[in-house]
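This report goes through a single protein chain, from its overall build to single residues. Please keep the sequence and the 3D view open while reading.

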Amino acid sequence: MSKIQTLQNALETVLGAKVKRLVADRGELTLTVGAADYLEVVRTLRDAPELRFEQLIDLCGVDYSTYGDGRYEGPRFCVVVHLLSITHNWRLRLKVFCPDDDLPMVPSVHEIWNSANWFEREAFDLFGIVFEGHLDLRRILTDYGFIGHPFRKDFPLSGHVEMRYDAEQRRVIYQPVTIEPREITPRIIREENYGGLH
């Protein structure tokens with residue numbers, strides 16, 4: 001039995017009905033759980049001797065609003081966690097979808113894995129996903145006065161405000177974006193024997 005099959009069997013045995021979806025693809029396992037079970041599942045993933053995922057390697061947000069060319073039907077925001085078991089030398093991708101698109105929220109796991117702290121702040125800042133129970137959920141990459149969440153697929157490429165230095169006021173000021181939106185079409189250059197032998 002391969003390592004992936006062993007992990008898959010262990011997950012199905014230990015988590016049971018809490019497994020909403022478990023997919024093995026390209027030598028990797030992706031486990032999807034419900035938001036209501038998320039905290040209990042992550043504690044089990046860390047503490048169960050059969051699993052022992054001691055390290056959270058990464059946590060990020062995903063916006064599915066245009067997934068599948070807009071044919072996707074389901075929750076818009078997802079939190080993806082990558083875990084590592086040093087004991088068993090295996091990895092797992094864990095996905096949990098936020099049940100409310102208007103206020104995407106899942107429980108924080110920073111008390112279970114300390115490394116989640118800044119990752120959750122980043123997902124909050126860039127996607128607007130709220131991590132309930134996080135003690136310091138502030139912006140981490142954008143400015144304090146920044147409006148919106150830049151990794152949401154409905155966020156304008158030019159943003160909402162721009163900043164510039166005002167010589168009269170002798171300070172940096174914020175103002176509405178003055179850039180005219182334009183479509184840029186790349187120019188295609190064709191050369192004979194490009195990339196081939198001459």
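## Burial and exposed surface

Of the 198 residues of the chain, 36% are buried, where buried stands for a relative accessible area under 20%, exposed for over 50% and partly exposed for what lies in between (1.4 Å probe, protein chains only).

The model is predicted: local features need pLDDT of at least 70, side-chain atom pairs count only at pLDDT 80 or more, and totals for chains, interfaces and linings use all residues. Residues are numbered from 1 along each chain as its sequence is written, and side-chain values use heavy atoms, with hydrogens and water left out.

## Fold and dimensions

The chain has three helices and nine strands, in the order α-β-β-α-β-β-β-β-α-β-β-β along the sequence. Both kinds of element are DSSP runs numbered from the N terminus: helices are H or I with at least four residues, strands are E with at least two.

The radius of gyration of the chain is 22 Å, whereas a compact globule of 198 residues would have one near 16 Å. The radius is taken over C-alpha atoms, and the globule rule is 2.2 Å times the number of residues to the power 0.38. Along its principal axes, the C-alpha trace spans about 65 × 60 × 30 Å.

Contact means heavy atoms within 4.5 Å. Among contacts between residues at least 6 apart in sequence, 51% join residues at least 24 apart.

## Charges

The chain carries 24 positive and 30 negative charges, and their mean positions are 3 Å apart. Lys and Arg count as positive and Asp and Glu as negative, while His and the chain ends are not counted. Each charge is placed at NZ of Lys, CZ of Arg, CG of Asp or CD of Glu.

## The nonpolar core

In soluble globular proteins, nonpolar side chains tend to be buried together. A nonpolar core is here a set of buried Ala, Val, Leu, Ile, Met, Phe, Trp, Tyr and Cys residues joined through side-chain atoms within 4.5 Å. The largest such core holds 38 residues, of which Leu 11, Leu 31, Tyr 38, Leu 45, Leu 59 and Val 79 touch the most other members. Two or more residues come from each of helix 1 (3-15), strand 2 (28-33), helix 2 (38-47), strand 3 (55-63), strand 4 (77-85), strand 5 (90-97) and helix 3 (116-127).

Leaving aside neighbours within four places in sequence, Leu 11 is in contact with Gly 16, Val 19, Leu 22, Leu 29, Leu 31, Leu 45, Leu 51 and Leu 92. Leu 83, in strand 4, is buried because its relative accessible area is 1%. Beyond four places in sequence, Leu 83 touches Leu 45, Phe 53, Gln 55, Leu 56, Ile 57, Trp 90, Arg 91, Leu 92 and Trp 113. Leu 83 and Asp 136 are 53 residues apart in sequence and 23 Å apart in space, C-alpha to C-alpha.

Lys 3 belongs to helix 1 and counts as partly exposed, at 43% relative accessibility. Its contacts, apart from neighbours within four places in sequence, are His 88, Asn 89 and Trp 90. Lys 3 and Trp 90 are 87 residues apart in sequence, with 7.6 Å between their C-alpha atoms.

Asn 89 lies in the loop between strand 4 and strand 5. Its phi is near 55°, a positive value in a residue other than glycine. Asn 89 is exposed, at 52% relative accessible area.

## Other loops and strand 8

Arg 170 sits in the loop between strand 8 and strand 9 (171-176). The phi of Arg 170 is also positive, near 55°, in a residue other than glycine. At 68% relative accessibility, Arg 170 is exposed. Tyr 165, in strand 8 (residues 161-166), is exposed at 51% relative accessible area. Tyr 165 touches Arg 170, Arg 171 and Val 172, not counting residues up to four places away in sequence.

Ala 48 is in the loop between helix 2 and strand 3. With 11% relative accessibility, Ala 48 counts as buried. The C-alpha atoms of Ala 48 and Arg 152 are separated by 35 Å, the two residues being 104 apart along the chain.
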